[in-house]
Amino acid sequence: MDKIVIEGNKPLSGSVEVSGAKNAVLPIMTAALIPVGKSKIYRVPELKDTRTMIRLLEIIGAKVSLNENTIEIDSTTVNNPEAPYDLVKTMRASFYVLGPLMARFGRVKVSLPGGCAWGPRPVDFHLKGLEKLGAKLTLKDGYILAEADQLKGNEIRFEFPSVGATGNLAMAAVTAKGTTILHNAAREPEIVQLCEFLNKMGARISGIGTTTIIIDGVNDLHAADIEVISDRIEAGTFLIAGALLGKITVNRVELKHLDAVLGKLKEAGCKIIVGNASVTVTPPDKLKPVDITTAVYPGFPTDLQAQWVALMSLAAGSSMITDTVYHDRFSHIPELSRLGANIRVDKNTAFVRGVDSLAGAPVMSTDIRASASLIIAGLAASGKTQVSRVYHIDRGYEHIEEKFRVLGAQISRETE
Ligand code: EPZ
């Protein structure tokens, strides 16, 4: 297993380019299963998760070719609508094949994802929604078997604007008979791009980007091409690192997707200069403590919560970080404490008392974003920090240590 080794407390400067968005490309890859034909996806980030998704599409029968950051998916030969436990347990996003395979075949066998590092992450909204479209579901050996001669449009109201459930049911409903209305739907940019891709393939979706998405079923879709949007979470991660470590420019970003994090960085005293598809952050002399409460888009993303905790651990004062999307997403806290951070967690809030400095130590990753927060803290800490289990970070960040090295970080990867 690899570990990342950091000699910290070095100022960073320069510019970095963000990659295509993981959370946009994964559902887009599954959507390419719906039509019969060859779809091309550009600006695909080179991640462990995209490789896992390629393996899943191949198991289902698609022919997939990857050339640098371009994927071609030929769904002509798809014949096995099944997502095995071995893959689903390594990547929850595998569950995104449920909708497309129902839209294409009217039947699918998908392993239930199970829990993750920070607790239960049910998929009940996905399943209830599919039943509302007329599918018959059975649970057997940890697998969901879903069947329907013909899905029928219906009104679905989500208890919570789930990203995954909105995406899965939008994909299931594109070939359903009649109209489906998704109420309290997700507005995340990644779901907006998924719906735009479905429309490019001939779907009829309106209300994209609002809380009410309307899908008028069509007989079938055709293949299409798309370029993936920028990864706003990767961009936010580098901007938060800059707020601690030096003047950094992040290029090839979608500015409007960064409003929430840029607003908070300004509150913390950072100077923010926006250019055409770029943002430059300059750290303040003294970082102000700033509370955040995560929320669904366009609120402050939960996927930047851990990185914000790392930042606030060195602020001049105390702050509160509340996660309303995942109430128990704090597995990074004990590891940050090993570096000398002073943080207490109560229910879904972390109370951070800023310290003057952090000191390097061996720490362990537990998930993608927790690993990013440990790398940021390690870059700020004096001495050596070793982050183990970095396969987590490889799931969500393309060449992260190379990108930080370009900014002047002393960071390397070693095999344990
Ligand atoms: C997506 O996960 C992202 N993953 C997550 O990013 C992100 O944290 C999350 O959205 C929230 O923004 C991908 O896009 C692949 P949800 P998803 O369904 O779709 C509850 C990362 O680091 N819920 O919006 O699984 C759920 O438990 C990952 O890149 C139900 O109760 O998230 C959670 O509390 C981590 N029942 C809330 O809703 C359901 O059926 C939001 O989950 C579905 C969700």
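**View 1. Lining of the largest cavity in the predicted model.** The residues lining this cavity are Arg 232, Ile 233, His 257, Leu 258, Ala 260, Val 261, Pro 301 and Leu 304. Helices α8 (232-245) and α9 (259-267) each give two or more residues to the lining; helices are DSSP runs of H or I with at least four residues, numbered from the N terminus. A cavity is a set of points, on a 1 Å grid over the protein atoms alone, where a 1.4 Å probe fits but cannot get out, and lining residues have an atom within 4 Å of a point. The volume, about 50 Å³, is the space filled by probe spheres set on the points.

This is a predicted model: local features need pLDDT of at least 70, side-chain atom pairs count only at pLDDT 80 or more, and totals for chains, interfaces and linings use all residues. Residues are numbered from 1 along each chain as its sequence is written, and side-chain values use heavy atoms, with hydrogens and water left out.

**View 2. Helix α7, residues 189-200.** Among the buried residues are Ile 191, Leu 194 and Phe 197. Gly 202, with a positive phi near 105 degrees, follows α7.

**View 3. Surroundings of Ile 73.** Ile 73 touches residues including Met 29, Ile 41, Leu 57 and Val 64, not counting residues up to four places away in sequence; contact means heavy atoms within 4.5 Å.

How values were computed:
On a 1 Å grid over the protein atoms alone, a cavity is a set of points where a 1.4 Å probe fits but cannot get out, and a pocket is an open set with protein on both sides within 12 Å along at least five of seven lines; lining residues have an atom within 4 Å of a point. The expected span of a helix is 1.5 Å times one less than its number of residues. Buried means under 20% relative accessible area, exposed over 50%, partly exposed in between (1.4 Å probe, protein chains only).
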